[in-house]
Amino acid sequence: MSNLNELYDAILVGKLEDAVKVTKIAVEEGVTPHEIINQYMIKAMEEIGSRFEAGKVFVPNLLMSARAMRGALDVLKPLMQGQVDSYIGKIVIGTVKGDLHDIGKNLVASMFEGCGFEVINLGVDVSSDKFISAALENKADIICMSALLTTTMNYMKEVVAAVEASELKGKVKIMVGGAPVNDAFAKAIGADAYTSNANAAVVMAKKLIAAN
C-alpha cells in the first residue's frame, strides 16, 4: 500500500529513488497521475520554492528536489499522453542565441514541470526562429527566455520582435530572466514579465495564463 505523503517528503528532501519507488507503487494501485501530481508533487515543489524564497534552503536543495520530482514525473508521463487537462499550460523555454549557460534555466524548467506545466526545453543557444517554431508547433502559452551574459541578453529583444511579427502576436506571453536581466530591461524590450528566481517564475506564469 502506497503512502503518498512519502512522495511529498521524498521530493522535499530530494530523494530520487524514494520518489520513483513510491510513485510506481501508487500507479500500480490505480492512483491517477492527476492526483499524484496535484496533491503531492506540486505541493512539495511549492513548499521547497517557498523555503528557498525565505532563505531556509539553497540552490543545491532546489536542484535535488527538482531531480526527485523529474524522476517521479517520468513514471507518470506515459500515462498522461493526450490528457490536455493534466497540465496548467505549455511553456517553451531556452537560453538565447550565443549563450551556453543552462543551470538556472534548467532549474526554472524543473520547477515549472513540478508545478504542473508541460515544458518544452529547447536547451541553449536558441534562435528566434527556433523559439517561434517550437511555440507554434506545441501551441505554447508562454515563451520563457534566459540569458547569463550582458552580451547575449540583448538578443531577447530580437525574439520579442520576431514574436510580434509572427502569427503568435497576442497569443503567447513572454517571460525573461537571468543574472543581468531586470524588470526595467524586460519592460524596455516588450516582454510581459521578468522574474528573478524559479519560484517567482512559477507564480508569474500562473498569473499570465490565468489572465489570458
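This is a predicted model: local features need pLDDT of at least 70, side-chain atom pairs count only at pLDDT 80 or more; totals for chains, interfaces and linings use all residues.
Local features are reported at pLDDT of at least 70 and side-chain atom pairs at pLDDT 80 or more, whereas totals for chains, interfaces and linings use all residues. Residues are numbered from 1 along each chain as its sequence is written, and side-chain values use heavy atoms, with hydrogens and water left out.

**View 1. Strand S1 and its partner strands S2 and S3.** Helices (H or I, at least four residues) and strands (E, at least two) are DSSP runs, numbered from the N terminus. Five of the six residues of S1 (residues 90-95) are buried, so the strand is largely enclosed by the rest of the structure. Buried means under 20% relative accessible area, exposed over 50%, and partly exposed in between (1.4 Å probe, protein chains only). Two strands pair if DSSP finds at least two bridges between them. Valine 92 stands opposite isoleucine 120 in S2 and opposite isoleucine 143 in S3.

View 2. In H6 (residues 128-138), the buried residues are Ser128, Phe131, Ile132, Ala134, Ala135 and Asn138. Seen down the helix axis, these residues fall within an arc of 165 degrees, so they line one face of H6; the arc is that of the directions from the helix axis to the C-beta atoms. Asp129 and Glu137, on the other side, are exposed. Just after H6, lysine 139 takes a positive phi of about 55 degrees.

**View 3. Valine 27 in helix H2.** Helix H2 comprises residues 16-28. Valine 27 counts as partly exposed because its relative accessibility is 25%. Leaving aside residues up to four places away in sequence, valine 27 touches Ile36, Val75, Leu76 and Leu79; contact means heavy atoms within 4.5 Å. Valine 27 and valine 75 are 48 residues apart in sequence, and their C-alpha atoms are 8.5 Å apart in space.

**View 4. Cysteine 115 and cysteine 144.** A disulfide is a covalent bond between the sulfur atoms of two cysteines. Here it is counted as a pair of cysteine sulfur atoms within 2.5 Å, and the count comes to zero. The cysteine sulfur closest to that of cysteine 115 belongs to cysteine 144 and is 13 Å away, too far for a bond. Cysteine 115 is buried at 1% relative accessibility, and cysteine 144 is buried at 7% relative accessible area.
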